[in-house]
Amino acid sequence: GVRWHLPIADAATRDANAAPPTQQRFVLSVGEPTMAAAPAEVGTRGVTVTGAVMKAASVLLAPFINPILGAVGTYASFQWESRYRPYALRPVRAGSPAAIRDAEMSSDDWARMRKGRALLLLHQPFGRAAGTFGVLPPQVMASLDAAYGGRILAFDHTTLSQDPLENAREFVKRLPADVVLDLDVLAVSRGGLVARAIAERQAELALGARAITIRRVAMLGTPNAGSALFDPTRLGVMVDVLSTAICCVPGMPTTEVLDGIITTVKTVGVGAAKGLDGLMAMQPGSTFLKSLNTGARTTPADTRYFAVSSNYTPNPGALTNLLVDKSLRSILGEGHDLVVPADGTAGSNGAAMFPVTDALALRGPSGVPHVAYLANPDVHAQVLAWLTA
């Protein structure tokens with residue numbers, strides 16, 4: 001299991017613009033942790049996990065205040081994301097997410113997008129489109145590519161420092177000035193909130209001569225009602241759970257996600273948690289969620305939402321012990337995917353388009369952790385049914 005030890009002072013609640021404290025106090029557990037043996041299959045990932053942990057250690061040994069981050073404060077995470085996770089619209093050519101890491105939309109790509117309905121991919125927090133959707137089997141991507149006539153694009157965006165509405169505004173800014181888009185969306189986790197902002201808040205997006213119609217949105221593990229793990233006082237629990245999950249679940253983009261987690265740890269560790277607007281937007285009752293989950297329907301009548309949620313119970317091992325140690329059930333309720341309550345994706349939340357009636361609920365042995373929706377065959381089949389029907 002992976003555990004981060006954060007300072008016990010007021011780092012989570014101190015004003016983000018205040019100077020970092022000159023001293024920090026940490027409390028570390030004494031003695032060996034009581035961990036049950038991990039499942040045998042996890043051992044096959046020893047090299048990958050070791051490499052990721054070594055990378056984490058090398059990053060953490062760097063100074064907290066450095067030439068890239070500058071003075072730690074409200075904009076520290078934004079400066080890091082601007083350099084290492086910049087905004088970009090990327091074509092998914094030949095249905096291969098691996099090819100989108102450095103590609104940019106060309107005039108030919110935009111001409112193709114105008115010819116029919118296109119699919120927009122929106123990634124999870126801490127990640128990027130290439131890593132998030134790179135776990136999809138080639139046959140699934142080939143089916144989506146064929147269904148949309150090669151019209152698939154991905155939006156790389158900030159997830160730590162800016163809220164989903166700001167992400168939606170930046171999406172619009174990167175579109176051609178007169179483009180007319182007819183879109184379906186496949187969104188993982190926080191990406192679903194960006195999709196909803198694009199679909200439901202168009203009056204606030206400065207569209208100009210552009211037109212965007214959202215037809216179908218498939219949301220996987222989206223915290224539509226929020227998650228208590230994104231409360232500033234619980235970010236330590238959140239990074240422990242996600243760090244352990246990505247090391248225990250085969251096929252995850254470990255290094256990519258871990259980079260974002262490390263930046264979050266650094267920001268919280270020097271008392272600038274309130275500068276993590278992109279994460280704070282996902283706590284229940286946040287300003288963003290309050291504005292999103294109230295009011296009359298603002299989407300066209302043929303806009304449809306689909307949702308996948310999960311209640312995950314891990315096998316005995318690192319995750320099981322961590323969940324007990326962190327009392328995750330008391331934070332998220334009886335059922336959850338380690339991050340989002342099981343009824344928080346499709347359930348009633350005050351928004352006109354909820355509850356989502358066309359939903360897949362993964363329960364019992366079929367439950368998956370928050371980081372592994374796109375690795376599940378049942379999810380593949382359901383997404384294809386929703387988006388290619």
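Modeller: Happy to. Let's begin with two residues: Y87 is buried, and F155 is buried too. Buried here means under 20% relative accessible area, with exposed over 50% and partly exposed in between (1.4 Å probe, protein chains only).

Colleague: Before we go on, what sort of model is this, and what are the ground rules?

Modeller: This is a predicted model, where local features need pLDDT of at least 70 and side-chain atom pairs count only at pLDDT 80 or more, while totals for chains, interfaces and linings use all residues. Residues are numbered from 1 along each chain as its sequence is written, and side-chain values use heavy atoms, leaving out hydrogens and water.

Colleague: Thanks. How many aromatic pairs turn up in the whole structure?

Modeller: The search gives 5. Rings of Phe, Tyr and Trp (its six-membered ring) pair if their centres lie within 6.5 Å; planes under 30 degrees apart count as stacked, over 60 as edge-to-face and the rest as tilted. One of the pairs is Y87 with F155, which is stacked, at 5.8 Å centre to centre and 25° between the planes.

Colleague: Why does that pair tie together separate parts?

Modeller: Y87 sits in the loop between α2 (76-84) and β1 (88-91) and F155 in strand β3 (residues 152-156), so the pair ties together parts 68 residues apart in sequence. Helices (H or I, at least four residues) and strands (E, at least two) are DSSP runs, numbered from the N terminus.

Colleague: And what does F155 do with F171?

Modeller: Those two form an edge-to-face pair, 5.3 Å centre to centre with 65° between the planes. F155 in strand β3 and F171 in helix α6 (residues 164-173) are 16 residues apart, and the pair links these distant parts of the chain. F171 is buried, like F155, and ring pairs join Y87, F155 and F171 into a cluster.

Colleague: Nice. Zooming out, how many helices and strands are there?

Modeller: There are 14 helices and 7 strands. Of the 389 residues in the protein, 57% are buried.

Colleague: New topic: cavities. How many are there of 30 Å³ or more?

Modeller: The structure holds 3 of them. On a 1 Å grid over the protein atoms alone, a cavity is a set of points where a 1.4 Å probe fits but cannot get out, and lining residues have an atom within 4 Å of a point. Points are joined across faces, edges and corners, and a volume is the space filled by probe spheres set on the points. The largest cavity has about 80 Å³ of space.

Colleague: Which residues line the largest cavity?

Modeller: Among them are Q124, F126, S189, F230, H370 and V371. The lining divides into 8 nonpolar, 3 polar and no charged residues. Ala, Val, Leu, Ile, Met, Phe, Trp, Tyr, Cys and Pro count as nonpolar, Asp, Glu, Lys and Arg as charged, and the others, Gly among them, as polar.

Colleague: What is phi of F126, and is F126 buried or exposed?

Modeller: Phi of F126 is near 70°, a positive value in a residue other than glycine. F126 lies in the loop between β2 (118-122) and α4 (129-133), and with 1% relative accessibility F126 counts as buried.

Colleague: What about A206, buried or exposed?

Modeller: A206 counts as exposed, at 64% relative accessibility. Phi of A206 is also positive, near 50°.

Colleague: Last one: which residues does the cis peptide bond join?

Modeller: F354 and P355, with omega about 5°. P355 is in the loop between α13 (328-332) and β7 (359-362).

How values were computed:
1 Å grid on protein atoms, 1.4 Å probe; cavity = no way out; pocket = protein on both sides within 12 Å on 5 of 7 lines; lining within 4 Å.
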